[in-house]
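Subject: Structure handover

Hello,

Here is the structure you asked about. Please open it alongside these notes.

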Amino acid sequence: MTDPVTKQPVHFRTSVARAPNVQVSRHAGVFDAGLIEDVSIITRGEALGHNLWVDHGFLSDVAGSINASSSGNRPGMKARFTHPGLSSDGVGQKLGRVRNARVHGDQVLADLHFQHAATKTPDGDLADYVMTLAEETPEDFGISVVFDHDMDSVEEH
């Protein structure tokens with residue numbers, strides 16, 4: 001979403017999303033470079049600081065978007081290590097692709113498939129780093145989803 005006054009992009013965050021049963025496989029996934037199953041993508045609740053609420057319909061939309069991006073020959077939705085900044089586009093932060101999304105209770109879970117490039121980034125082996133984090137504290141592991149909020153669509157409903 002773009003702030004209508006400042007014309008700057010607006011990003012949303014929700015409460016911490018925790019996955020119930022994260023599974024790490026270091027030589028698996030569609031790229032054979034690692035796989036984390038059951039990663040939490042987004043949780044139902046307040047989009048903190050934005051006076052917006054993520055409801056079950058939005059969860060279904062997120063899961064649907066991820067799955068549409070990984071149907072047929074499509075590799076899935078891209079995943080990065082952190083958000084791009086004002087002076088960075090996030091290219092050197094790419095981890096891989098997210099696929100197989102599903103709504104599980106009040107959250108969307110999906111599988112993070114690492115690409116080989118994530119083992120050779122300008123900042124080192126991000127794939128190993130992220131998989132190690134997920135192994136050491138799976139209860140804290142989740143992904144921050146970035147989405148644009150369509151205010152015109154909201155106004156119509």
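This is a predicted model: local features need pLDDT of at least 70, side-chain atom pairs count only at pLDDT 80 or more; totals for chains, interfaces and linings use all residues.

Residues are numbered from 1 along each chain as its sequence is written, and side-chain values use heavy atoms, with hydrogens and water left out.

The core comes first. The largest nonpolar core has 28 residues. (Such a core is a set of buried Ala, Val, Leu, Ile, Met, Phe, Trp, Tyr and Cys residues joined through side-chain atoms within 4.5 Å. Buried means under 20% relative accessible area, exposed over 50%, partly exposed in between, with a 1.4 Å probe and protein chains only.) Ile-36, Ile-41, Ile-42, Val-108, Leu-112 and Phe-114 have the most contacts inside it. Two or more residues each come from β3 (35–43), α1 (56–69), β7 (94–104), β8 (107–114) and α2 (126–136). The largest share, 5 residues, is from α2. Helices (H or I, at least four residues) and strands (E, at least two) are DSSP runs, numbered from the N terminus.

Now β8. Of its 8 residues, 8 are buried. One side carries Gln-107, Leu-109, Asp-111 and His-113; the other carries Val-108, Ala-110, Leu-112 and Phe-114. β8 pairs antiparallel with β3 over 6 bridges and with β7 over 7 bridges. (Pairing requires at least two DSSP bridges between the strands.) Ile-42 stands opposite Val-108, and Arg-99 opposite Asp-111.

Asp-111 is buried, at 7% relative accessible area. Its side chain makes a polar contact with the side chain of Arg-102 at 3.4 Å. (That is a pair of N or O atoms within 3.5 Å; within protein, one must be able to donate a hydrogen and the other to accept it, and residues adjacent in sequence count only if both atoms are side-chain atoms.)

Last, the salt bridges. The structure holds 5, each a side-chain nitrogen of Lys or Arg within 4 Å of a carboxyl oxygen of Asp or Glu. Arg-102 and Asp-38 meet in one of them, at 2.2 Å from N to O. Arg-102 is in β7 and Asp-38 in β3, so this pair ties together parts 64 residues apart in sequence. Asp-38 is buried at 19%, while Arg-102 is partly exposed at 24%. Salt bridges that share partners also join Arg-26, Asp-128 and Glu-135 into one network.

Best wishes
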